[in-house]
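Subject: Structure handover

Hello,

Here is the structure we talked about. Please open it and keep it on screen while you read.

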Amino acid sequence: PATVPTATSSVSVNNGTPPNWPVLSNNITVGQLSLAGQIDTKGYSITTNYSGGGVVGIGAIVKNTNAGTPIVFNFNGTSVINIGNGKYMDSVIFNVNGSMNFYEGYNGIDTLTSNATFNFNGTGQCAIGNNSNCVFKGNLTVNRTVAGETDIFPSAISAVGGNFSYTNLV
């Protein structure tokens, strides 16, 4: 982009050709994020603060070239977050905060090539493997810290290559 995004920016990452894929140089916070292309987090976190309907991560390829650190997404607000048909090339942590609804496996199979952790820290409905049978090649960990609906593989059976754990602290 021509400018560095701010905490209220609406950012779209589309399918471009190398070397035009974004690479993070620090933790970022944006208003809305739409991922339909490739991004390298380099070990930095991505935070969204959005309070409208939105789609995040349909067809994304998210990688992390900083070995030993996970890909971290922090979703804050009251929006609807949909991720699907994406590929996550390292361990990934999804922190879902606020009253938003979160749907993983929305409209396409997600492939998570390493460990995946979902921390549901808000009251919204959260679904893993929502509409598609997703592939979790490592461990799958789901944590619910605030009362709310948690759906795990509600409409499709997904593959988990490692261990599965669910903790409900409510």
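Below is what was found, topic by topic. Keep in mind that this is a predicted model.

Start with the sheet. Six strands form an open sheet, in the order β4-β6-β9-β12-β15-β18. The pairing is parallel. Which strands sit at the edges? They are β4 (38-40) and β18 (159-160), and each pairs on one side only. Next to look at is the pairing of β4 with β6 (residues 61-63), which is parallel and runs over three bridges. Within it, Gln-38 has Ile-61 of β6 as its bridge partner.

Now the cysteines. A disulfide is a covalent bond between the sulfur atoms of two cysteines. How many disulfides does the structure hold? The count is zero. Cys-126 is buried, at 2% relative accessibility. Cys-134 is buried too, at 1%.

Last, the aromatic rings. There are 13 aromatic pairs. One of them joins Phe-73 and Tyr-88, edge-to-face, at 6.4 Å centre to centre and 85 degrees between the planes. Phe-73 is in β7 (residues 71-77) and Tyr-88 is in β9 (residues 87-88), so this pair ties together parts 15 residues apart in sequence. Phe-73 is buried, with a relative accessible area of 2%. Tyr-88 is buried as well, at 2%.

Phe-118 and Phe-136 also pair edge-to-face, at 6.4 Å and 75 degrees. Phe-118 lies in β13 and Phe-136 in β15, so their pair links parts 18 residues apart in sequence. Both residues, Phe-118 and Phe-136, are buried.

Best wishes

Note on methods: Residues numbered from 1 in each chain as written. Predicted model: local features only at pLDDT ≥ 70, side-chain atom pairs only at ≥ 80, totals over all residues. Heavy atoms only, no water. Pairing = 2+ DSSP bridges. Helix = DSSP H or I, 4+ residues; strand = E, 2+ residues; numbered from the N terminus. Disulfide = S-S within 2.5 Å. Buried < 20%, exposed > 50% of the residue type's maximum accessible area, 1.4 Å probe, protein only. Phe/Tyr/Trp six-rings, centres within 6.5 Å; stacked < 30°, edge-to-face > 60°.
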